[in-house]
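Here's a quick briefing to read with the structure open beside you.

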Amino acid sequence: MSEIVADTPPADDLAPVARIYGQPMAQMPLDLYIPPDALAVMLDAFEGPLDLLLYLIRKANVNVLDIPMAPLTIQYLEYVEAMRASNLELAADYLVMAAMLIEIKSRMLLPRPKPGDGEEVEDPRAELVRRLIEYEQMKLAAYGLNALPQAERDFHWVETWVERTVARRLPEVSVEDLCAAWRTILRQARLSTSHRVQREELSVREHMGIILRRLRESGGFVEFMSLFDVSDGPSLLVVHFLAMLELTREQLLELTQADTFAPIYVRLTDGRADA
């Protein structure tokens, strides 16, 4: 009688079952305890009973308007039974849908009454089909919203700090600002006076003196609009405006403005008044 002995490698040549802190382990510890809930793997995650039903229908490649209730109910109950074995609280909503599927299946097995003239027999699946279609539409809409760019996920906000300058630089009075102020005075003059045809001798030099006296009496600094009286009429206003331009050209007056589109001010520059 011959005896066959298998060649087994020595214990030192066996591959380690695990490594702990880099040290190989030849066998599992005898006192190792693994709790039953230490590891749970979910192959498919569903957001609710309708999500599970829609998944089973799409997986079977059937029309949602003509659902085969018998195989669908069997597959649904198998999934719910596996879920109930691990987490009963999570399976509560699914059990309600399972009861609804069984009810629909039983109603379809019963003989249907003959419809009368012009009447249609109600399909027991109608309410379920309506809910599934609405749920699928909302799910597709949610996917569309999630595909849109979102802050802190697809892009980040950028903020910059801009320090204000200590010395504020006032803008210069442009020709356009001066023309706009002059047109405003002309419009007010046309609204407040009537048309009169008369001959009148007007002097630009006389109005230059009037402007200088007005500025000296007001402290040498007044608003541009206050130097004009709209009740004088367009002729006097034109001469008065020409007198102001002449004084500005001779550097006896200075036009200033605090900001863009702000009121224009007139200031004496002959040194006889404080700014």
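**A hairpin, its sheet and a greasy patch**

F261 takes a positive phi near 65° in the hairpin of β4 and β5, where six residues sit between the strands. Keep in mind that this is a predicted model.

**The hairpin strands**
- β4 and β5 (residues 264–268) run antiparallel, and five bridges join them.
- Across that pairing, L255 stands opposite V266 in β5.

**The sheet around them**
- Three strands make up an open sheet in the order β3-β5-β4, and the pairing is antiparallel.
- The edges are β3 (221–223) and β4 (253–257), each of which pairs on one side only.
- On average, neighbouring strands of this sheet are turned by 30° against each other, ignoring direction.

**Two faces of β4**
- In a regular strand, side chains alternate between the two faces of the sheet.
- On β4, the covered face has L253, L255 and Q257.
- The uncovered face of β4 carries E254 and T256.

**The nonpolar surface patch**
- Over on the surface, V204, V238, L242 and L245 form a nonpolar patch, and together they have about 270 Å² of accessible area.
- Which helix gives the patch its largest share? That's α7 (residues 234–249), with three residues.
- L245 is in helix α7, and it counts as partly exposed because its relative accessible area is 34%, which falls between the 20% and 50% cut-offs.

How values were computed: Residues numbered from 1 in each chain as written. Predicted model: local features only at pLDDT ≥ 70, side-chain atom pairs only at ≥ 80, totals over all residues. Heavy atoms only, no water. Pairing = 2+ DSSP bridges. Helix = DSSP H or I, 4+ residues; strand = E, 2+ residues; numbered from the N terminus. Axes fitted to C-alpha atoms, helices over the stretch in contact; angles between N-to-C directions. Patch = residues over 30% accessible without salt bridge, like charges linked within 9 Å, V, L, I, M, F, W, Y side chains within 5 Å. Areas by Shrake-Rupley, 256 points an atom, 1.4 Å probe, with all protein chains shown as cover. Salt bridge = Lys/Arg side-chain N within 4 Å of Asp/Glu carboxyl O. Buried < 20%, exposed > 50% of the residue type's maximum accessible area, 1.4 Å probe, protein only.
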